[in-house]
Amino acid sequence: MDMTDVAQDLAAFWMPFTPNQQFKKAPRLLAEARGMYYKTPDGREILDGVAGLWCVAAGHCRTEIVKAVQDQVARLDFAPTFNMGHPVAFEAANRLAAITPPGLNRIFFTNSGSESADTAMKIALAYHRARGEATRTRIIGRERGYHGVNFGGMSVGGIPGNRKMYSASMAPGVDHLRHTHDLARNAFSKGQPAHGAEFADELERLITLHDASNIAAVIVEPMAGSAGVLVPPKGYLEKLRALCDKHGILLIFDEVITGFGRMGTAFSYDKFKVKPDLMTMAKAINNATVPMGAVAVRQDIHDTVVGATAEGTIEFMHGYTYSGHPLACAAANATLALYERDRLFDRAASLEGYLENAAHALKGSKHVIDIRNIGLVAAIEMEPRPLGKDGTGGPGKRGYEVFTRCFAKGVLVRATGDTIAISPPLIVEKEQIDRILATVAEAIKAVD
């Protein structure tokens, strides 16, 4: 492929979460993928250290998934799920329900993590209304949380850059817990930090402020990935669960990143032994082959909403044209079968210690102020560059330069501010982990 021709065709695509002007002056393009590697248009191999975007857990272009999608599109390309159905969607729902936390066995399909977050919040509101507590409308999110970019998820999310342009249009009835990042006490923790369980106690303050009778749900990521891999302190999730139970509040876990093996388990429930009432999913649900998301719902919540409406009436006025799309479901069925056959979740768990040691070996590198890890994910946080009088420097600049240097050396990592995140496909080999971290170390050493 002629890179000159490609460069001339970049203008039409308004790229998401990208500094478009900067990118289009020096584009980084990926043209092919297989297993652990991407390939650029000019044939250069790129080792995938971030599973695409946290989502290609089984590795790229797996034959079983590709064939399932090819067969499905030749047999049934689309079927509506409004007042209709098709077998592949029911099969996918049953496969998911078999691995979600006990009791969370009702599945609502969406097309993304953003849609899953908004769907879960709508279900929470519908549930309280159906059970006669319609005043429970407030939803509590968390600072530095990420629940997608639709208005609901953005409102309960807590990343300032995502919110500032739309501050006048946020969903009403939202409040936020403080984030769990505590650099002073928890820097360079391995696994769950020892300090910070008490941050969950702030929920009691918010309950006192708003009254439990007005609060529908709390939504958090068990591990906040997009904010820079913020691992839950020991006891934190347990405290949130206990407080929600005490006050009749639903607990929603956003498992868009943490689900499907990233924690070394199917979901965070299997890792932390804390069960939510609703759980959002997307990304690795079908190895990112076709856009797809889902919400797993506790059965009694589903039954309450459905049972509150007369038969023949739509019980939940919500859905998407592509909910349960045949191609997405075919990819999900093949992916879930592949996870089970190859025991990829167990494989991720077996590599957790190796990735932990490889990441923490960077302690003492210049600029590095923290290293965090859990499951098959790690993060190296660097001190931001000071903002110069001429406008140069500032937060995120050092992280971006490390990211671009790694790409130039043939390794794809994720820069979120000045934190470099590592979350390779679950098929990664130890030698590839070594290469990823060695490349990051080399890039950090090279930047000012």
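How many nonpolar, polar and charged residues does the lining of the largest cavity have? Here are some notes on that and on two other features, bearing in mind that this is a predicted model.

1. Let me start with the opening question. The lining of the largest cavity has three nonpolar, five polar and three charged residues. The residues that line this cavity are T180, H181, D182, N186, S189, G191, P193, L230, V231, D370 and R372. Its volume is about 80 Å³, and searching the whole structure turns up three cavities of 30 Å³ or more.

2. Two or more lining residues come from each of α5 (87–97), β4 (106–110) and α13 (299–307). By class, the lining of this pocket divides into 17 nonpolar, twelve polar and two charged residues.

3. Next, a helix pair. Helix α16 (residues 397–408) packs with helix α17 (residues 430–446) at an angle of about 125°, and their axes are 9 Å apart. The crossing of α16 past α17 is right-handed.

4. Which residues meet where these helices pack? From α16 come V402, R405 and C406, and they meet T439, V440, A443, I444 and A446 of α17. Sorted by class, this contact has six nonpolar residues, one polar and one charged.

Notes:
Residues are numbered from 1 along each chain as its sequence is written. This is a predicted model: local features need pLDDT of at least 70, side-chain atom pairs count only at pLDDT 80 or more; totals for chains, interfaces and linings use all residues. Side-chain values use heavy atoms; hydrogens and water are left out. Axes are lines fitted to C-alpha atoms, for helices over the stretch in contact, and angles run from 0 to 180 degrees between N-to-C directions. Helices (H or I, at least four residues) and strands (E, at least two) are DSSP runs, numbered from the N terminus. A crossing is left-handed if the near helix is turned anticlockwise from the far one by less than a right angle, and right-handed if clockwise. Contact means heavy atoms within 4.5 Å. Ala, Val, Leu, Ile, Met, Phe, Trp, Tyr, Cys and Pro count as nonpolar, Asp, Glu, Lys and Arg as charged, and the others, Gly among them, as polar. On a 1 Å grid over the protein atoms alone, a cavity is a set of points where a 1.4 Å probe fits but cannot get out, and a pocket is an open set with protein on both sides within 12 Å along at least five of seven lines; lining residues have an atom within 4 Å of a point. Grid points are joined across faces, edges and corners, and a volume is the space filled by probe spheres set on the points.
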